[in-house]
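Biologist: Hi! Could you walk me through this model?
Modeller: Happy to, here it is.

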Amino acid sequence: MRQRGEETVFPEVDRLIARGEAHVWWWRSPGRVDPADLRLLATGEFRRALGMLSERDAAEFVHTRAGARRALGRLLGTTAADVDLGRRRCPGCGSDGHGPPQVLRPAVPLAISLSRTAGWGVFAVGAGTAIGVDAEALRPVREALLSDTVLTTAERGHLRALGTDTERQRAFHKVWTRKEAVVKAVGVGLAGTELGRLETLPERTGPVRVTHVADGRATAWTVQDLRLSDRLAVALARPAGPAARGAVHLHPPA
């Protein structure tokens with residue numbers, strides 16, 4: 001970070017955009033809320049954490065939000081306290097209450113996405129106007145999730161052809177994280193997507209090109225699986241084209 005007159009310049013942002021790159025951080029959440037994390041949150045986030053019934057869920061939420069600020073601070077060469085997060089308007093309904101996350105301060109042209117699951121937090125930053133990351137802890141899959149409302153015909157066929165329950169569980173989580181990474185990147189969420197028509201090509205190791213259709217508008221996404229832990233399935237979605245041509249830099253827990 002440096003000053004050019006009254007303008008703040010972030011060289012790492014310029015490089016990231018020029019190369020079409022992304023950065024991904026992940027961490028384990030503490031079982032209890034850390035006051036140092038809590039001090040970094042905005043008022044709305046603080047109130048949301050207070051409203052959570054489970055202390056573990058609150059700690060996971062607070063640590064992920066604070067971790068995102070710390071990661072951005074390191075990337076931009078500033079402090080976590082100088083980073084403010086908010087939301088963009090929902091591209092589906094126009095509401096500013098549940099749109100995709102964005103960096104409010106410093107004003108940088110980067111896309112961000114967050115995910116948390118079973119004590120893990122994941123944060124992604126990328127070039128372009130949108131990015132989506134989803135992480136799911138590997139666990140047994142309920143039969144109801146294998147229906148045509150969630151999976152395409154090809155995806156169900158792929159899962160049925162696998163030899164063991166463990167293989168099917170891992171494959172389902174690959175499909176699910178790919179789908180959710182895309183809908184988070186699009187910004188409309190699971191409720192605004194016909195999941196049973198969103199084809200994720202699980203037989204391919206990736207990156208794969210996934211097309212999302214909403215309100216008659218099709219968008220294309222480059223989706224790749226990230227190996228962050230043997231206990232997690234993680235997928236990253238970026239706009240197909242120049243914004244996704246660059247490397248994904250992984251930042252493991254310190």
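Modeller: Helix 5 and helix 6 are roughly antiparallel to each other (an angle over 145 degrees). This is a predicted model, where local features need pLDDT of at least 70, side-chain atom pairs count only at pLDDT 80 or more, and totals for chains, interfaces and linings use all residues. Residues are numbered from 1 along each chain as its sequence is written, and side-chain values use heavy atoms, leaving out hydrogens and water.

Biologist: At what angle do the axes of helix 5 and helix 6 cross?
Modeller: Roughly 155 degrees, and the axes come within 9 Å. Axes are lines fitted to C-alpha atoms, for helices over the stretch in contact, with angles from 0 to 180 degrees between N-to-C directions. Helices (H or I, at least four residues) and strands (E, at least two) are DSSP runs, numbered from the N terminus.

Biologist: Which residues in helix 5 meet helix 6?
Modeller: E155, H158, L159 and R160, which meet R168, A171, F172, V175 and K179. Contact means heavy atoms within 4.5 Å.

Biologist: New topic: what order do the strands of the open sheet have?
Modeller: The order is 8-11-10-9, with antiparallel pairing. Strands pair if DSSP finds at least two bridges between them.

Biologist: Which strands does helix 6 touch?
Modeller: Helix 6 packs on the sheet and touches strand 8, strand 9, strand 10 and strand 11.

Note on methods: Parallel < 35°, antiparallel > 145°, perpendicular 65-115°, else oblique.
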